[in-house]
Amino acid sequence: MAQAWERLLLAFLHRLAPSITDIHLPSEWVFHQSAIISLENPQPGMVRNISARLWNLPWFRSARILLFVAVDAEPVELSRAAWRAINVTDYATDCIHDRATGRVAFDATGCRLPRPEVSSSIETAALVARRWKEYQLP
């Protein structure tokens, strides 16, 4: 049911802001109306503008977190979106905090400053997985 709602909401949001290409409502966040939103060709200031527009809609009025990622970030994968939020977001400039309501929007699109793309290779991921077991970590 939630996935069907995502698709319906995406159609509406795409009309509101054509740069919105996907939306994901993680089950861990669903009761807080929070979402991961994918943007195509993000520009500086775009997240601030779109988040303000979304917070005025009934579906996002009480959203605690809106996480904006670039179109290549696959918003359906919460771990990948979280990785981008931690590694791409410049918290001095890429956080939009509505102090009156406590709502927060994160610009994890990486559009503000030209930064080299950081990614892990398959070999590195395999090495980490192997060492993880070696150290008997959960």
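## Salt bridges and layout of a predicted chain

The structure holds four salt bridges (a salt bridge is a side-chain nitrogen of Lys or Arg within 4 Å of a carboxyl oxygen of Asp or Glu). Please keep in mind that this is a predicted model, in which local features need pLDDT of at least 70 and side-chain atom pairs count only at pLDDT 80 or more, while totals for chains, interfaces and linings use all residues. Residues are numbered from 1 along each chain as its sequence is written, and side-chain values use heavy atoms, with hydrogens and water left out.

**The salt-bridge network**

- Glu6, Arg7 and Asp22 are joined in a network of salt bridges.
- Glu6 counts as buried because its relative accessibility is 5% (buried means under 20% relative accessible area, exposed over 50%, and partly exposed in between, with a 1.4 Å probe and protein chains only).
- Asp22 has 17% relative accessibility, so Asp22 counts as buried.
- Arg7, at 39% relative accessibility, counts as partly exposed.

**Another salt bridge**

- Asp98 and Arg103 meet through their side chains in a salt bridge, at 2.6 Å from N to O.
- Asp98 is counted as buried because its relative accessibility is 18%.
- Arg103 is buried too, with a relative accessible area of 11%.

**A buried serine**

- Ser51 belongs to helix 2 (residues 46-55).
- With a relative accessibility of 1%, Ser51 counts as buried.
- Leaving aside residues up to four places away in sequence, Ser51 touches Leu66, Phe68, Ile96 and Ala105 (contact means heavy atoms within 4.5 Å).

**Fold and helix 4**

- The chain has four helices and five strands (helices, H or I with at least four residues, and strands, E with at least two, are DSSP runs numbered from the N terminus).
- Reading from the N terminus, the elements run α-β-β-α-β-α-β-β-α.
- Helix 4 (residues 122-134) has 13 residues and reaches 18 Å from its first C-alpha to its last, close to the 18 Å expected at 1.5 Å a residue (the expected span is 1.5 Å times one less than the number of residues).
- Gln136 follows helix 4 and has a positive phi, near 55 degrees.

**The chain as a whole**

- The C-alpha trace spans about 50 × 40 × 30 Å along its principal axes.
- Of the 138 residues in the chain, 36% are buried.
- Among contacts with a separation of 6 or more, 55% are between residues 24 or more positions apart.
- The accessible surface of the chain is about 8800 Å², and 60% of this surface belongs to carbon and sulfur atoms (areas come from the Shrake-Rupley method with a 1.4 Å probe; for residues, only the protein chains shown count as cover).
- The chain has 15 positive and 14 negative charges, whose mean positions are 6 Å apart (Lys and Arg count as positive and Asp and Glu as negative, with His and the chain ends not counted; each charge is placed at NZ of Lys, CZ of Arg, CG of Asp or CD of Glu).
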